[in-house]
Amino acid sequence: MKFTKMQGCGNDYIYVNGFDEHVLQEEKPKLARRLSDRHFGVGGDGLIFINPSKEADFEMEMYNADGSKAEMCGNGIRCVAKYVYDNGMTDKERISIVSAGQIKYLDLTVEKKAGRTQERGEVSLVRVNMGSPVLSPAQIPVLVSGDRVVDESILVEGKEYRMTCVSMGNPHAVIFTKGVKELKLEQVGPFFENHPCFPNRINTEFVEIIDRKTVSMRVWERGTGETLACGTGACAVAVACVLNQLTEPSITVKLLGGELMIEWDREQNLVYMTGPAATVFEGEVKEL
């Protein structure tokens with residue numbers, strides 16, 4: 001089975017062309033666990049299949065490193081866009097991709113190499129319409145009463161935190177704090193992920209405000225652990241920042257693996273994410 005390793009801000013996944021490679025559905029979770037292993041496999045935050053779709057131009061079928069199915073990944077979907085364009089599967093510079101029933105629209109920035117006028121170029125940057133943020137606790141889901149979860153108290157391992165919860169197609173709890181670089185995320189992250197307040201588990205972002213247009217963020221992703229970036233998490237952070245009156249609606253989110261530009265258009269109630277996508281290497285797995 002051929003694969004391509006790609007990353008967006010260091011959030012790396014193993015990509016498989018589902019048009020050419022055919023894996024039994026029941027085998028995909030096990031394959032995701034094996035290939036994601038950084039010692040005995042390819043290594044990555046998960047496994048993504050790029051499939052045909054009747055609803056959109058392409059489908060993104062995503063699995064976390066632990067084999068669990070994932071609904072959406074902002075960094076992952078940008079890499080899907082780069083893959084399909086760079087590999088000649090589309091000539092369009094605006095495409096649609098569906099993941100777990102959610103259709104996203106992506107605008108591609110294509111760079112042509114200097115002096116090579118015949119080449120169609122490669123995608124270097126992708127802007128994604130990530131849709132409207134979901135704030136209803138029942139839809140996120142989070143077991144808290146009220147219409148929204150903004151600056152709500154949560155007790156984790158005997159310590160009180162203040163959380164703001166947002167779904168961007170997957171659930172997020174945003175925690176504003178200081179000293180985010182020194183945070184022992186590997187210790188606290190699993191307790192948030194598996195807290196009884198979150199029936200479907202949770203992705204947790206720990207965020208430090210730098211100024212009205214810039215924040216620093218680390219993330220603990222459910223089913224994976226700490227990753228270098230999380231696109232949907234950065235979108236959730238931008239929404240949470242505005243709800244808590246901490247930043248402007250358009251911000252730069254600094255992650256361990258790079259930067260994402262996030263804008264919450266309040267008038268349209270749409271969140272836009274702009275960031276890079278890169279191919280790392282291609283390979284072939286001999287035994288599935």
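## Helix 1 and its buried face

In helix 1 (residues 28-36), the buried residues are K28, L31, A32, L35 and S36. Buried here means under 20% relative accessible area, exposed means over 50%, and partly exposed lies in between (1.4 Å probe, protein chains only). Helices (H or I, at least four residues) and strands (E, at least two) are DSSP runs, numbered from the N terminus. Down the axis of helix 1, the buried residues fall within an arc of 115°, so they line one face of the helix. The arc is taken from the directions that run from the helix axis to the C-beta atoms. An α-helix has 3.6 residues a turn, so residues three or four places apart point the same way.

The cover over the buried residues of helix 1 includes strand 2 (11-17), strand 3 (46-51) and strand 4 (58-64). Contact means heavy atoms within 4.5 Å.

## The model

This is a predicted model, in which local features need pLDDT of at least 70 and side-chain atom pairs count only at pLDDT 80 or more, while totals for chains, interfaces and linings use all residues. Residues are numbered from 1 along each chain as its sequence is written, and side-chain values use heavy atoms, with hydrogens and water left out.

## Salt bridges

A salt bridge is a side-chain nitrogen of Lys or Arg within 4 Å of a carboxyl oxygen of Asp or Glu. By this rule there are 18 salt bridges. One of them joins the side chains of D12 and R38 (2.9 Å, N to O). This pair links distant parts of the chain: D12 is in strand 2 and R38 in the loop between helix 1 and strand 3, 26 residues apart. D12 is buried, at 9% relative accessible area, whereas R38 is partly exposed at 48%. Both belong to a network of salt bridges that links K5, D12, R38 and D45.

D66 and R201 also form a salt bridge, with their closest N and O atoms 3.6 Å apart. D66 lies in the loop between strand 4 and strand 5 (69-70), and R201 in the loop between helix 3 (185-193) and strand 12 (203-211), so the pair ties together parts that are 135 residues apart in sequence. D66 is partly exposed at 30% relative accessible area, and R201 is partly exposed at 25%. A further salt bridge joins E259 and K254 (2.5 Å, N to O). E259 is partly exposed at 37%, and K254 is partly exposed at 32%.

## Pocket and cavity

On a 1 Å grid over the protein atoms alone, a cavity is a set of points where a 1.4 Å probe fits but cannot get out, and a pocket is an open set with protein on both sides within 12 Å along at least five of seven lines; lining residues have an atom within 4 Å of a point. Grid points are joined across faces, edges and corners, and a volume is the space filled by probe spheres set on the points. The largest pocket has a volume of about 180 Å³. Its lining residues include F3, Y15, D20, Y83 and E282. Strand 1 (2-8), strand 2 and strand 18 (278-284) are the elements that each give two or more residues to this lining.

There is 1 cavity of 30 Å³ or more. The largest cavity holds about 70 Å³ of space. Among the residues that line the largest cavity are Y13, M62, C73, N170 and R222.
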